[in-house]
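Reader: I'd like to learn how to read a structure like this one. Could you take me through some features, one at a time?

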Amino acid sequence: MLPASPAWSRLGEHLRETQIIGSIQSTLYWDQNTRMPSGGAAWRGEQLSLLATQLHARQSSTQYADLVQAAREEWNQQSENDDRGPRGRNLDLLEEDLRRQQSLDPALVAALATAKASGYNQWQQARSASDFSQFAPALQRLIQLRQEQARQLAEPRSCWETLAQPFEPGLSLKRLQEVFAPLREALPDLVAATASGPRSRTASWDLPETAQQQLCDALLNSWGRDPSITCVARSPHPFSITLGPADYRITTRVVQGQPLSCFLATAHEWGHSLYEQGLPDQSHQWFAWPLGQATSMAVHESQSLFWENRVARSRPFAEQWWRQFAAMGAPLDGAEDLWRALNPLAPGLNRVEADELSYGLHILIRTDLEIALLEQGLDVADLPAEWNRRYGELLGVTPANDAEGCLQDVHWSEGLFGYFPSYLLGHLISAQLCQAMASEIGALEDHVANGDITPLLGWLRQHVHPVGRALNSEDLVRQVTGRPLDSTAFLQHVRGKVQALQPA
């Protein structure tokens, strides 16, 4: 990168201050999800609305636009030929975001922040009561505001595509359907085949919360957690968040009757955090610039799913850990018992608790429903029935109540339309990256069997984490694996696991 210059430095300082304000906003979100009493929701909504308005003003102001323009002019004078370089890519991304911010009415930004805070609180109450009607007005409001946001952005994309851009830059519905088409065809038959057997989705045993917490702590310690820069808490829905260059936080939850839920959620969220910790040079400077941010949410999910599914659900991992589970009270006679408990391969109602095979159908249902809500006129009041119908058809299970059904996920309560496909794209990316990793460092299972994840993390640190936003997700996959993203590697993996888990 070129040495610092006056316009570039002024722009960097503005971005750094903006990032500090954004991190305050994220800290309030963390508190809202972990410790804030429900009675604080209205005031928190006002806090978040004020911060959102201030952030939007900074990111759309004439002063900021002048800083970006000056940095562009300065860079144009210093650069040679057509070499974009990191600075050019940063400017491209900043100019794109500036255009979007300037397109939005500040009143809409404030209204969205208030609606998200209110929506989250109403979702919690509705889920607790298992009554969708308590959440329906908030969801309707969020849909209307997001539709207005898409109209104001006026991009050459559909409403849903426009809202998906912050999560998966460059994604189109055409490309999404192209990538998902083989999964729509293959997954229902594979799920139906496994559902015909005697397998149970849930374990016949449970563990005390203290035992689950000790196992989670042991997992994080074995995977290199540094307590001085990380924090773990409980929340209704597990998530990972970065609040600063040396402040990484994850949450998990204990589910009664699901003794492995907390453990696997911890593995998943720690995968997200490891990715954040490995992004380019997490100094204050890089924390403010676009290239220091995650490539996309699909790549983010590929990292969490790698640690959850390819490591923590593997047979060698069970061989390493079954004695620790047994010592905590799990009725296990050997590694095979733990491995099969970690891989039920049986359809259920809950996405977070789903196995690798049925997980994709959970995402396809949500993706299709939010497109229908935003673009195809699906009435909010009809969402529970439509959700239940699709679950019956694709997974052969039907929710007994709204909490088991359309109220189980937090995303729509925060207006995060366009996010869900990232989970399934993450599965595909993870599988394709695993094949490339194995071709370079040998079978992943061998490293796990040795109890040494260093080569796995090292490969990701070299090939995936430092890319940041220098590339979009599909270009990253092509660069690392040598071929375009598709479902081949993922389907090979799940078919192999189905075969391996068949009764002897």
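Reader: Let's start with leucine 50: does it count as buried or exposed?

Author: The general idea is a scale of relative accessible area: buried means under 20%, exposed over 50%, and partly exposed is in between (1.4 Å probe, protein chains only). Leucine 50 has 51% relative accessibility, so it counts as exposed. Keep in mind that this is a predicted model, where local features need pLDDT of at least 70, side-chain atom pairs count only at pLDDT 80 or more, and totals for chains, interfaces and linings use all residues. Residues are numbered from 1 along each chain as its sequence is written, and side-chain values use heavy atoms, with hydrogens and water left out.

Reader: Where is leucine 50 found?

Author: Helices (H or I, at least four residues) are DSSP runs, numbered from the N terminus. Leucine 50 is in helix α2.

Reader: How does α1 lie against α2, roughly parallel or roughly antiparallel?

Author: Start with the axes, which are lines fitted to C-alpha atoms, for helices over the stretch in contact; angles run from 0 to 180 degrees between N-to-C directions. Angles under 35 degrees count as roughly parallel, over 145 as roughly antiparallel, 65 to 115 as roughly perpendicular and the rest as oblique. Here the axes of α1 (residues 6–34) and α2 (residues 41–60) come within 10 Å and cross at roughly 160°. That makes α1 roughly antiparallel to α2.

Reader: Which residues of α1 and α2 meet?

Author: Contact means heavy atoms within 4.5 Å. On the α1 side, the residues include His14, Ile21 and Leu28, while those on the α2 side include Arg44, Leu51 and Leu55.

Reader: And histidine 465, is that buried or exposed?

Author: Histidine 465 has a relative accessible area of 0%, so it is buried. Look for it in the loop between α19 (454–463) and α20 (473–481). Not counting residues up to four places away in sequence, histidine 465 touches several residues, among them Leu274, Tyr275 and Pro280.

Reader: With which side chain does the side chain of histidine 465 make a polar contact?

Author: A polar contact is a pair of N or O atoms within 3.5 Å; within protein, one must be able to donate a hydrogen and the other to accept it, and residues adjacent in sequence count only if both atoms are side-chain atoms. For histidine 465, the partner is the side chain of arginine 461, at 2.6 Å.

Note on methods. Helix = DSSP H or I, 4+ residues; strand = E, 2+ residues; numbered from the N terminus.
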